[in-house]
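Visitor: I have a structure to look at and some questions about it. Could you guide me through?

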Amino acid sequence: MQEKNRGLGLFTLLVYVFLLGPLLIIAAASFEPGTVLKFPPQGFSLKWYSNILEEEMFLKTFYTSILVSFAGNVLALLLGMPAAYALSRFSFKGKDALNAIFISPVLIPGIVLGFTMLKYLIAVYHLPIYAALLFGHTIIMLPFIIRVIASSLANFDFAVEEAALSLGAGRLATFFKVVLPNIKSGIIAAVLIAFLESFNNVDISVFMTGPGVSTLPIQMLTYVENHFDPTIAAISVLLMLFTAVLMFMIERLMGLSYFTKR
């Protein structure tokens, strides 16, 4: 039994090394004092982190990515939450086809979807770049919003909703006061997953950006084409910390909500 436990522990350790090893290499390389990205680093320096603040293009594109991801998340939530509720609550003709349409942005290759949006949104309908970028990110976030919230609704007992309706509550009031609080953790998870998908998106953003308008991942790709210093490694470390802090805040919020209900 002890040998099996040791073997399982060793296998788990190897899995963690495989998953976290590249991240640790990037983190170590970001402290390289030289002008060329290398591992192991030949010293220790924070100058590439300060270089991020000196490069206005990184700050500008970071704000753009945050704004587009947040605004697109709000739109995707306003569209996806009623859709997830209807798909989970009711049976109607064409339900499977409608569900397939909502999931299609995940199934279609990103390059194909991005080129299609470029052709019609910008070339045909002449939408402004910001509007086209927001539309594209809303489309790619919508499947994640719908699927995660629908999964949460699958575990919800709709008999509770029927009881509220039978006691005189309106359908809208029942949704906000009965259904919504019971799927709050699913909504938070959906928003988080969709935000990260939008913030790190490349294949859609590369077609939707234009002169003077870019997102952080696209700007990082552009920077790598002309520079090979550790600045990108430093940005990657900050993005990993940003993601970890965001997930910790969500976990604490969900835990606080649980104990409040108890």
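This is a predicted model: local features need pLDDT of at least 70, side-chain atom pairs count only at pLDDT 80 or more; totals for chains, interfaces and linings use all residues.

Visitor: Which kinds of residues make the contact of α4 with α6?

Guide: From α4 come Asn 99, Phe 102, Ile 103, Pro 105 and Val 106. The α6 side includes Ile 139, Leu 142 and Arg 147. The contact divides into one charged, one polar and nine nonpolar residues.

Visitor: How many residues has the largest nonpolar core?

Guide: Met 81, Ile 145 and Val 179 are among those with the most contacts inside this core. Helices α3, α6, α7, α8 and α9 each supply at least two of its residues. Another core, of 14 residues, lies apart from it and includes Tyr 49 and Phe 58. The largest core has 25 residues.

Visitor: Is Thr 64 buried or exposed?

Guide: Thr 64 sits in helix α3. Leaving out residues up to four places away in sequence, Thr 64 touches Tyr 130, Leu 133 and Ser 214. Its relative accessibility is 8%, and the cut-off is under 20%, so Thr 64 counts as buried.

Methods: Residues are numbered from 1 along each chain as its sequence is written. Side-chain values use heavy atoms; hydrogens and water are left out. Contact means heavy atoms within 4.5 Å. Helices (H or I, at least four residues) and strands (E, at least two) are DSSP runs, numbered from the N terminus. Ala, Val, Leu, Ile, Met, Phe, Trp, Tyr, Cys and Pro count as nonpolar, Asp, Glu, Lys and Arg as charged, and the others, Gly among them, as polar. A nonpolar core is a set of buried Ala, Val, Leu, Ile, Met, Phe, Trp, Tyr and Cys residues joined through side-chain atoms within 4.5 Å. Buried means under 20% relative accessible area, exposed over 50%, partly exposed in between (1.4 Å probe, protein chains only).
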